[in-house]
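Good morning, colleagues. Please bring up the model, and I shall then go through its contacts, its cores and its aromatic pairs.

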Amino acid sequence: MGGGRRWRRAASQVGRSVAVWAVSTVTLLVLAGILPDFQLQSPDGDSATTVAVTAALGAGAFGVLSAVVWPLLVRLLLLVPALVLGLLVFFLNGSLLLLALRVTPSGQAEAAPETAVIVAAVMSAVASATGAALAVRDDDAYRRRLHRLADRRRGRQPPCSSTPGTVVVQLDGVGHDVLRDAVDEGLMPTVARWLGAGGGNPGPTHRLTPWRTDWSSQTGASQLGILHGSNHDVPAFRWYEKDTGEVMVCNRPSSAVELQRRAVRRTGDGGLLTADGASRGNLFGGGAGELALVLSVAVRRDRGSRSRAGYFAYFSDPANAVRTFLSFVAETGREIGQSLRARLRGERPRVSRGGLYPLIRAFATVVERDVVVAAVMGDLLAGRTAVYADLVAYDEVAHHSGPHSRDAAQVLRRLDRSLALIEKVAEHAPRPYRFVLLSDHGQSPGETFRSRYGLTLGDLVRAGCGLSVPRRAERTHSGAEARAAVRAALGRPVEESGEDRRPSRRPEPVVLASGNLGLVSFPDVPHRMSQEEIDARHPALLSTLADHPGVGFLLVRSEEHGGVVLGPRGARIPLAELDTDPGPLAVFGPGAADAVRRTHSFPHTADIMVNSSHDPADGEVLAFEEQIGSHGGLGGAQGRPFLLSPLDSSPPVAEGEELVGAEHVHRVLRRWLHEAAGTGAPLTAEPEERAA
């Protein structure tokens with residue numbers, strides 16, 4: 001039986017190879033008839049048989065060279081920036097075609113270099129599509145093809161295991177209500193099936209649970225807490241540290257390295273993924289041994305662990321490069337068209353979407369998605385125990401188009417297809433898998449502070465300090481994660497805006513923005529200033545900020561009360577009294593007081609923490625950055641992400657309890673990993689207990 005099966009498998013493989021060769025030969029003949037600079041015969045003309053043989057030999061030689069030489073070329077180019085490699089793919093592919101034509105016995109085939117690039121791209125795409133179509137009903141061939149899509153570090157076939165693995169996919173920026181609406185509107189049929197929603201679906205296999213973020217509702221704080229169990233002393237997306245004189249930025253590789261180091265030191269644990277884990281497309285590694293597109297290792301120079309390794313694994317198949325490049329171009333055109341339509345319709349609110357943004361969006365929604373999904377597929381087929389992957393597409397588009405826009409809805413539809421593909425691949429994995437879907441934060445809609453009031457938060461602070469204010473408000477640098485991912489892929493130095501550069505020790509304040517959260521620091525004062533010190537130095541500053549209609553509340557240190565929340569019309573509530581008198585925090589909902597008190601305890605909390613105003617009727621906030629869908633502070637849907645978990649795992653929290661904070665999510669995920677392993681191991685101690 002075993003021998004007969006092997007023979008049938010071999011015969012099937014030979015049949016598919018011959019079919020791909022035949023289709024490639026026909027493609028080569030068609031292209032030779034269409035393209036003027038590509039010929040398969042001598043100038044004097046050859047017989048049809050000679051031309052056909054030349055095409056067959058050329059197609060065969062190109063296929064062999066692509067299979068044998070191409071992976072070696074990619075390995076030799078490991079130090080080339082990833083996006084450069086993506087473009088270099090086409091020129092190298094064209095070179096292989098020219099070489100294939102040269103080695104044909106007739107030696108009559110010729111192609112201009114630029115034409116060779118086109119022919120090679122078409123040949124790779126056709127061969128890839130033909131092979132996939134022929135193998136679609138062959139599970140063994142399907143599995144082997146998927147193995148080639150990812151970086152396989154294990155040199156042997158992974159053993160089968162009945163112990164389930166766990167795949168956690170983070171849909172960056174997708175709020176609980178956005179996901180619920182997308183399911184109800186039919187945008188995400190895969191998620192709908194998991195929830196048992198809609199007609200025709202069987203019973204649910206998953207449960208949907210909302211959770212509440214910390215005050216800093218952004219990827220850096222949430223993902224650090226989820227993957228490493230501690231986001232202590234992460235007050236915002238970017239903040240100024242007086243002891244070092246540095247501006248920390250969560251999507252800056254050097255900052256990500258330091259934040260991960262601090263979390264590991266505080267918890268005494270490597271992270272969620274230390275046991276045979278893989279981290280894909282994240283800011284932090286989570287202790288995983290397999291890393292790809294991880295920002296905290298982007299600064300490393302060794303080949304084995306750099307974050308760009310996932311790009312090289314993906315582009316080692318030239319067909320991937322062709323498909324992703326074409327999708328990249330289409331997505332760039334889609335963004336330009338959508339932006340133009342929004343401008344012609346006069347849609348409001350609206351932010352600038354020109355410059356490099358169409359390319360950045362295409363990178364996030366196409367390149368990073370394809371590479372991360374391929375890496376996860378490889379992890380499944382390798383049988384890894386735990387995988388955590390981040391898909392940033394929705395977050396990037398929602399920042400500029402709005403969290404409830406049609407543009408963002410289209411991205412959700414495509415993300416659902418990626419989930420369906422991952423689920424399909426899991427059927428061929430050597431072990432069963434549990435799928436957990438979550439988000440790190442939501443997004444709150446609203447126009448920018450600058451567009452509504454004609455000045456930035458920095459301008460308002462300068463006015464309160466009695467300093468000159470520029471006539472024209474400058475744009476505040478956007479902190480979207482995709483920008484950092486693009487620069488890491490290019491191997492470029494970290495981009496620094498004026499506000500991110502190392503401040504001088506002059507008395508002028510440093511004003512930083514993190515969505516609708518602002519931070520004001522005085523770099524010439526070595527400690528965190530108190531309300532009394534600020535009033536003595538700048539008597540009008542705190543009242544100027546607190547009374548502004550675009551500001552919801554301030555947090556400052558107080559020599560008398562330890563910490564106070566300031567609001568309009570002279571509101572001044574000590575932190576200890578917020579439970580009985582929330583003051584300006586009342587409109588921000590339950591948990592706001594606890595979140596503010598926790599941030600107040602951080603060593604690097606700014607001298608003045610500024611949260612924008614919030615309208616609970618429509619959920620809008622005012623971003624201090626150029627974003628019409630923002631997150632980073634308190635107010636609205638940004639602080640209400642989701643956790644979608646399988647029913648065969650224990651409930652995240654007991655009935656009637658709330659899931660609060662990224663560190664709590666970490667403990668839940670760790671518990672589920674223990675349950676999947678069947679160890680029954682107790683949870684590790686709380687971070688605060690271990691730090692003590």
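Among contacts (heavy atoms within 4.5 Å) in the protein with a separation of 6 or more, 72% are between residues 24 or more positions apart. This is a predicted model, in which local features need pLDDT of at least 70, side-chain atom pairs count only at pLDDT 80 or more, and totals for chains, interfaces and linings use all residues. Residues are numbered from 1 along each chain as its sequence is written, and side-chain values use heavy atoms, with hydrogens and water left out.

Of the 692 residues, 57% are buried, that is, under 20% relative accessible area with a 1.4 Å probe, protein chains only.

I turn to the nonpolar cores, meaning sets of buried Ala, Val, Leu, Ile, Met, Phe, Trp, Tyr and Cys residues joined through side-chain atoms within 4.5 Å. The largest has 60 residues, and Trp215, Leu585, Val596 and Leu669 touch the most other members. Helix α21, residues 662-677, contributes six residues, the most to this core; helices here are DSSP runs of H or I, at least four residues, and strands are runs of E, at least two, numbered from the N terminus. Another core, of 56 residues, lies apart from it and includes Trp194 and Met377.

Finally, the aromatic pairs: rings of Phe, Tyr and Trp (its six-membered ring) with centres within 6.5 Å. The structure has five. The pair of Trp194 and Phe435 is stacked, because the centres are 6.0 Å apart and the planes are at 20 degrees, stacked being under 30 degrees. Trp194 belongs to helix α7 and Phe435 to strand β10, 241 residues apart. Both Trp194 and Phe435 are buried. Ring pairs also join Trp215, Phe553 and Phe588 into a cluster.

Note on methods:
Buried means under 20% relative accessible area, exposed over 50%, partly exposed in between (1.4 Å probe, protein chains only). Rings of Phe, Tyr and Trp (its six-membered ring) pair if their centres lie within 6.5 Å; planes under 30 degrees apart count as stacked, over 60 as edge-to-face and the rest as tilted.
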